[in-house]
Amino acid sequence: MKRILRIFMLISFISPGLTQAQIKDYFIHPVPFTSVKVQDQFWDQKIKTNMEVTIPIAFKKSQESGRIDNFKVAGKLMKGTFCSEFPFDDSDVYKIIEAASYSMQNQPDKKLESYIDTVITYIKAAQEPDGYLYTNRTILGENAHPWAGKKRWVNDHELSHELYNLGHLYEAAVAYYQATGKRSLLDISIKSANLLDQVFGPGKLLEYPGHQEVEIGLVKLYRVTGDKRYLNLAKFFLDIRGQKGVGEPTTYNQSHKPVIEQDEAVGHSVRAAYMWTGMADVAALTGDVAYVKAIERLWHDVVDKKLYLTGGIGAAGGHEGFGGPYELPNMAAYCETCAAVGNVFWNHRMFLMTGDSKYIDILELSLYNNVLSGVSLSGDHFFYPNPLESQGQHARSEWFGCACCPPNVCRVIASMPGYIYAQKDNSLFVNLYIASQTSFSVGNRQLTLKQEGNMPWDGNMKIHVTPSSSSLNAVLKLRIPGWAVNKPVPGDLYHYADQSNQKVVLKINGQPVEYKVENGYAVLDRKWKKNDLVEVSFPLEIRKVEANANVVADRDKVALMRGPLVYCAEWPDFDNEYILNLIVDGDATLKANYKPDFLKGVVEIDGIVKGCTKDSTEKVNTYPRDFKAIPYYAWANRGMGQMTVWMASDVKGARPKATGSITSDCKITASYFNKMIYAINDQLIPSSSNDNSNNYYHWWPRKNQTEWIAYEFSKPQKVSMSEVYWYDDSPWGGCRLPADWKIYYKDGNEWKPVETNEAYPIKKDEFNKVTFKPVTTTAVKLEVKLPESNSSGLHEWVVK
């Protein structure tokens, strides 16, 4: 607790060009990304792609989708109606402005700045005279989107996203002001925030945001203006959450309890991560220790029970959020890109509060794996969810109707250098090992650090230390990553299959040095002289990772890591595209090889493992199989096919392809054909009807109509039995058991019902079997009557 209390020291904070205020703040201060020059091959390439490809595409898609036109219509600059799909679409434009502002701070772009100035004139025109800014209502009035409600704010505790949009507006305004010195968007935001202060608060409207974010934006606005009303309002929006008689409490948006009483990560994962980030900000600035205790409890619940190995959070797609303890399915993993972004934000704040490297461990894990997976290597295709397994149904999209994720990736990559370094008095923190350069003010002198190296591919880093005078006393704190000391993550959710004896080696001016470790940092306290050189050697070994035994999805399986990177096996790298039968056991021989021309330059893992097959007696047999694994972030850049992070460690965990059946090689036709139809004859049996870790086919969003699927055989087959394993994703999803189903066979060109005396069963969590009079036919059809209010689906359809 003493460490936490240190965050509440008073410091002098000078708002750039606006005002001066005495405020409390974080115990440690990050070195702004604008003061860091990245010079490494890995991140420099991604920052450049983000600037040259992703941000321009984001603006283009916002224009094409009508998001920017919404401001013009609302401001009466053009005729029309609301042009896009969702009432929160305004926020995407704000996030892209924020990302572009970060990019321009490091690489000025007058053409881009001029374009943003134009967009800001549209935003200003759309703002109503009292400061209200929400294009959907301004355009449509009482006919606004159903989520918005008939009047201002009445549905914000649910889905209107009025306050959510404004949070992103305020973040964009601060970023653009800091990038250009222009107040245009900042003044719009101040006018808006002043309206919020008039409307919300004790004795006024008692309402909380249905999607947290405005709290973060208000804190940033306070930091720039020094107007404490904005900080107080951010705290109000947090404190009113979960209070009796306010809103409609639900775990979905974490309003089920007051925030200081919460101890379990529940509900929508992006909302949660944004809330915890806002709580950290408010705690640092107000000294609210109850907030600190709450987010520490919540952090442990996430990291100890609900974190994916890739740093992703959110196991369930139905509510885009957390499952129960240890509920971490792989193919059904949601791991939304936005949630990973929120995880980075939150853990960075937790580090700034405490100086504990475990938070940077999680930040690094999420950043290098889940966040980077959210955007293609080319910068122009995106993932919304980021599963840890695919059977070929996943592909990156050019854009989304709900397009929150691409702009979020834009702003994180553009500002990533701000996570590398931090400072507390004369203690200088190196958090991430990325070739880069920055300078610190120590007393009235400067000390420059320059990192050289090729992380994450090579574990040898050099840090040149250059004081502005002949010598300078300073404490250099070098993070010792958990992955370098036999801990892939803090806690016991994941562990390495074996322990390594290799150590992190530090040298100063070529001489090995002993060092003490505090809070995960090697502490080098000395008088630094010009041309001092610190060398850090990390053991970048290929490590097998096992999950806690409570994680059912990962039992009898291993994953591969090397440094902060999680690896996966992907279909293009194998002679047979079926890779779910891989066994990476103790006999596997694995080697790391750097391939500069493969996937923009990666270290791949090559070797010999085992594959397995089933014979006619269902016995599993193994055989040697060539193996390759690539960094997880780089998957799905070469087309659609199987991918897996977790691979069997023995035969028990493997999924050999079953022996052939009469349906395994047949042609499939359907009334509604989509890429997942091949799930119905893959012979992979689900654990339940709601087993989202198993492939399934569905007719969503169709309902209350008849659909069909047919197997066409290459030659006539004699059949007398059919069974179906139905898919039902209640309560969150839209698929339920069908109202009815029938089997038909083809007699010449005519479909005829099979003859049976049995009722067609309709049950969850088991095969629904019907036997019938044997027929010899070239095709069999499954006809399904969908329920009145829902759709239906199936995991498997067997015909014998």
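I take axes to be lines fitted to C-alpha atoms, for helices over the stretch in contact, with angles running from 0 to 180 degrees between N-to-C directions. Helices (H or I, at least four residues) and strands (E, at least two) are DSSP runs, numbered from the N terminus.

**Entry 1. Basis**

I note that this is a predicted model, in which local features need pLDDT of at least 70, side-chain atom pairs count only at pLDDT 80 or more, and totals for chains, interfaces and linings use all residues. Residues are numbered from 1 along each chain as its sequence is written, and side-chain values use heavy atoms, with hydrogens and water left out.

**Entry 2. Helices α11 and α13**

Two packed helices are described by the angle between their axes and the distance between the axes. I looked up helix α11 (residues 269–286) and found that it packs against α13 at about 20°, the axes being 8 Å apart. Angles under 35 degrees count as roughly parallel, over 145 as roughly antiparallel, 65 to 115 as roughly perpendicular and the rest as oblique. I therefore record α11 and α13 as roughly parallel to each other. The crossing of α11 and α13 is left-handed, a term for a near helix turned anticlockwise from the far one by less than a right angle (right-handed if clockwise).

I then listed the contact (heavy atoms within 4.5 Å). The residues of α11 include Ser269, Tyr274, Trp276 and Asp281, and those of α13 include Phe345, Trp346, Arg349 and Met353. By class, the contact of α11 with α13 has 12 nonpolar, four polar and two charged residues. Here Ala, Val, Leu, Ile, Met, Phe, Trp, Tyr, Cys and Pro count as nonpolar, Asp, Glu, Lys and Arg as charged, and the others, Gly among them, as polar.

**Entry 3. Helices α13 and α14**

I next examined α13 with helix α14 (residues 357–373), whose axes come within 8 Å and cross at roughly 160°. The pair α13 and α14 is therefore roughly antiparallel, and its crossing is left-handed. Among the residues that meet are Thr337, Val344 and Phe351 in α13, and Tyr359, Leu363 and Asn370 in α14.

**Entry 4. Thr337**

Is Thr337 buried or exposed? Buried means under 20% relative accessible area, exposed over 50%, and partly exposed in between (1.4 Å probe, protein chains only). Thr337 counts as buried because its relative accessibility is 0%. Thr337 belongs to helix α13 (residues 337–354). Not counting residues up to four places away in sequence, I found Thr337 touching, among others, Gly374, Phe383, Asn386 and Cys405.

**Entry 5. Cysteines**

How many disulfides are there? A disulfide is a pair of cysteine sulfur atoms within 2.5 Å, and by this rule I count zero. For Cys568, the closest cysteine sulfur is in Cys335, 13 Å away and so too far for a bond. I also note that Cys568 is buried at 0% relative accessible area, and that Cys666 is buried at 12%.

**Entry 6. Backbone**

Most residues other than glycine have a negative phi, and most peptide bonds are trans. I found a cis peptide bond joining Trp700 and Pro701, with omega about 10°; Pro701 lies in the loop between β27 (697–698) and β28 (706–727). Another cis peptide bond joins Ser730 and Pro731, with omega about 10°.

Asn486, not a glycine, has a positive phi of about 70°, and I place Asn486 in the loop between β11 (471–479) and β12 (494–496). Asn519 also has a positive phi, near 50°, and is partly exposed at 34% relative accessible area.
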